[in-house]
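Here is a short note for a colleague who is opening this entry for the first time. Please keep the viewer at hand while reading.

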Amino acid sequence: MSKTGKLYRCTECGYTTSHWLGRCPNCSSWNTIEEVVVEKEPKRSQIKVASSKPLTLTEIRATSIERITTDYGETDRLLGGGVVPGSVLLIGGEPGIGKSTLMIQLSESFSKKGLKVLYNCAEESVYQVGLRASRLNIEGKNLMIISESSLDSAISLYEEMKPDIFIIDSIQAVRDESLEAQPGTVSQIKLCTSRIIDIAKRDNSVVFITGHVTKEGMLAGPKTLEHMVDGVFYFEGERDGMIRLLRSVKNRYGDTNEVAFMEMTSEGLKEINNPSLFFIREGLGTTPGATIGVVMEGTRPILVEVQALVTRSVYTMPKRVVQGIDFNRFSFIIAVLEKLIQLTLFNKDIFLNIPGGFNIKDPAIDLPVALAIISSTIEIPLSSEIFSFGEIGLTGEIRQVMWYEKRIETALRLGYSEGIAPLQRVTHSKVKGVRTLREVYELIKNARSGVRSI
Ligand SMILES: Nc1ncnc2c1ncn2[C@@H]1O[C@H](COP(=O)(O)OP(=O)(O)O)[C@@H](O)[C@H]1O
Ligand SMILES: [Mg+2]
């Protein structure tokens with residue numbers, strides 16, 4: 001700290017420095033460094049938590065964690081079976097993605113169970129929330145709504161009501177008046193969250209905090225907040241699309257990297273219980289270029305349709321339009337197909353689409369993408385019975401991916417009967433094991449001469 005006792009902090013990443021800078025050396029944002037008042041640095045409040053007594057593992061195992069279910073199956077699964085009293089959960093996402101919608105729907109679930117809910121919609125007026133509640137058919141018998149940007153006022157209303165569930169929507173819209181900093185700055189977010197956590201732990205109540213994510217994908221004042229709370233869940237999806245994914249990034253009471261699929265409708269968020277059925281359609285196999293891939297989202301296999309359209313280009317620079325997978329990954333698959341199986345693609349326009357607005361990160365999507373491109377290029381439709389998964393390596397080898405059995409089980413259960421997957425020591429009877437992209441190509445080509453039903 002400088003002699004003057006002043007401290008400056010970046011509102012984007014939390015980086016601190018002893019003097020003011022125009023640009024943050026840590027996250028490179030401009031004009032985000034602000035002076036923070038050091039004497040009023042966040043102090044943990046004075047609430048004394050009863051000291052705990054040591055427990056044996058047997059005692060710990062004998063006490064199960066009490067959970068409150070939300071009655072939304074997917075959300076409960078994501079939470080690890082329901083919310084745990086005394087926990088503070090952060091729901092992050094871009095503006096307009098559905099955070100407030102989820103909050104009002106969960107409020108209704110809790111309220112129907114007879115739990116008292118206090119919802120602080122600091123970003124909107126209570127009337128706006130009222131309108132949304134009417135659209136979503138929310139009855140809200142035990143739901144009280146306030147719109148307080150002052151954390152002190154919100155907390156005093158909390159103290160009067162002593163709700164079981166307390167919702168702060170959003171953390172960037174509330175401020176602790178003892179700090180001069182603006183709402184949404186790191187010091188405000190830190191202090192407000194810390195005070196809210198103390199309350200939750202003291203009263204064993206559940207607190208939901210919503211937070212906006214900046215363009216770069218970080219919550220403003222990100223890391224400090226993530227460390228403090230018990231669970232962090234992020235919304236993903238196209239704002240204009242229908243599908244939303246709620247992903248657990250941190251969960252002290254459940255698994256991380258689990259995903260709940262939802263659909264945004266005029267009646268609010270609806271859970272998608274069997275996402276595979278949402279992403280695939282009947283009647284594949286009549287036109288070349290479409291096939292089914294099996295990818296993992298968290299610990300769950302999902303079937304997705306992959307569509308490719310390869311046409312002769314009239315441009316000097318052929319068009320490449322990709323939706324649903326990373327463009328670099330796509331370019332790499334094209335390069336391998338050209339180099340290793342001499343597929344002529346340099347003069348072709350290629351369009352690749354994974355319908356449903358779903359972004360796939362699992363490398364096992366490589367093989368279905370290659371299959372769809374080959375099928376469209378040589379104009380041989382793939383059988384509608386086929387499913388595939390596998391990563392492609394630089395030398396055209398088909399590499400192993402995790403969850404071999406689980407992927408196959410899911411595909412067979414959904415009625416697909418012929419698999420193409422990386423070769424295993426013990427291959428599944430319904431699956432053709434492949435080692436190289438050339439073998440895959442031969443499989444498709446031979447289908448033309450009727451050697452295999454593919
Ligand atoms: N009348 C409507 N019909 C269908 N969807 C709507 C309607 N009004 C709002 N929405 C959806 O709700 C979203 C806003 O959700 P909201 O919960 O307010 O987001 P957040 O709190 O994350 O900013 C909109 O992007 C839109 O998809
Ligand atoms: Mg909102």
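Which residues in α10 are buried?

1. **The answer, and the ground rules.** In α10, the buried residues are Asp366, Leu367, Pro368, Val369, Ala370, Leu371, Ala372, Ile373, Ile374, Ser375, Ser376 and Ile378. Buried means under 20% relative accessible area, exposed over 50%, and partly exposed in between, with a 1.4 Å probe and protein chains only. This is a predicted model, in which local features need pLDDT of at least 70, side-chain atom pairs count only at pLDDT 80 or more, and totals for chains, interfaces and linings use all residues. Residues are numbered from 1 along each chain as its sequence is written, chains are lettered from A and ligands numbered from 1 in the order in which they are written, and side-chain values use heavy atoms, with hydrogens and water left out.

2. **Helix α10 itself.** Of the 13 residues of α10, 12 are buried, so the helix is largely enclosed by the rest of the structure. Its first and last C-alpha atoms lie 18 Å apart, close to the 18 Å expected at 1.5 Å a residue. The expected span is 1.5 Å times one less than the number of residues. Glu379 follows α10 and has a positive phi, near 55°. Helices here are DSSP runs of H or I with at least four residues, strands are runs of E with at least two, and both are numbered from the N terminus.

3. **The seven-stranded sheet.** This open sheet has the order β15-β16-β14-β13-β17-β20-β21, with mixed pairing. Two strands pair if DSSP finds at least two bridges between them. β15 (320-323) and β21 (431-434) are the edges; each has a single partner strand, so one side of each lacks a neighbour in the sheet. On average, neighbouring strands are turned by 25° against each other, direction ignored. Inside the sheet, β13 (290-297) and β17 (386-388) pair in the parallel sense over two bridges. Ile292 stands opposite Phe387 in β17.

4. **Helices on that sheet.** α10 (366-378) packs on the sheet and touches β13, β14, β16, β17, β20 and β21. Its direction makes about 30° with that of β14. α11 (404-413) also packs there, touching β13, β14, β17, β20 and β21, at about 75° to β14. Contact means heavy atoms within 4.5 Å. Axes are lines fitted to C-alpha atoms, for helices over the stretch in contact, and angles run from 0 to 180 degrees between N-to-C directions.

5. **The nine-stranded sheet.** A further open sheet runs β6-β5-β7-β8-β4-β9-β10-β11-β12, again with mixed pairing. Its edge strands, β6 (143-146) and β12 (268-271), each pair on one side only. β9 and β10 run antiparallel, joined by six bridges. Phe233 has Ser248 in β10 as its bridge partner. β11 and β12 are antiparallel too, over four bridges, and a hairpin of two residues joins them.

6. **Helix α5 and Ser150.** α5 (151-161) packs on this sheet, touching β5, β6 and β7, and its direction makes about 170° with that of β5. Ser150 sits in the loop between β6 and α5. At 7% relative accessibility, Ser150 counts as buried. Beyond its neighbours within four places in sequence, Ser150 contacts Arg175 and Glu177.

7. **A helix pair.** The axes of α3 (99-112) and α4 (126-135) come within 11 Å and cross at roughly 70°. Ser100, Thr101 and Ile104 in α3 meet Val129, Arg132 and Ala133 in α4.
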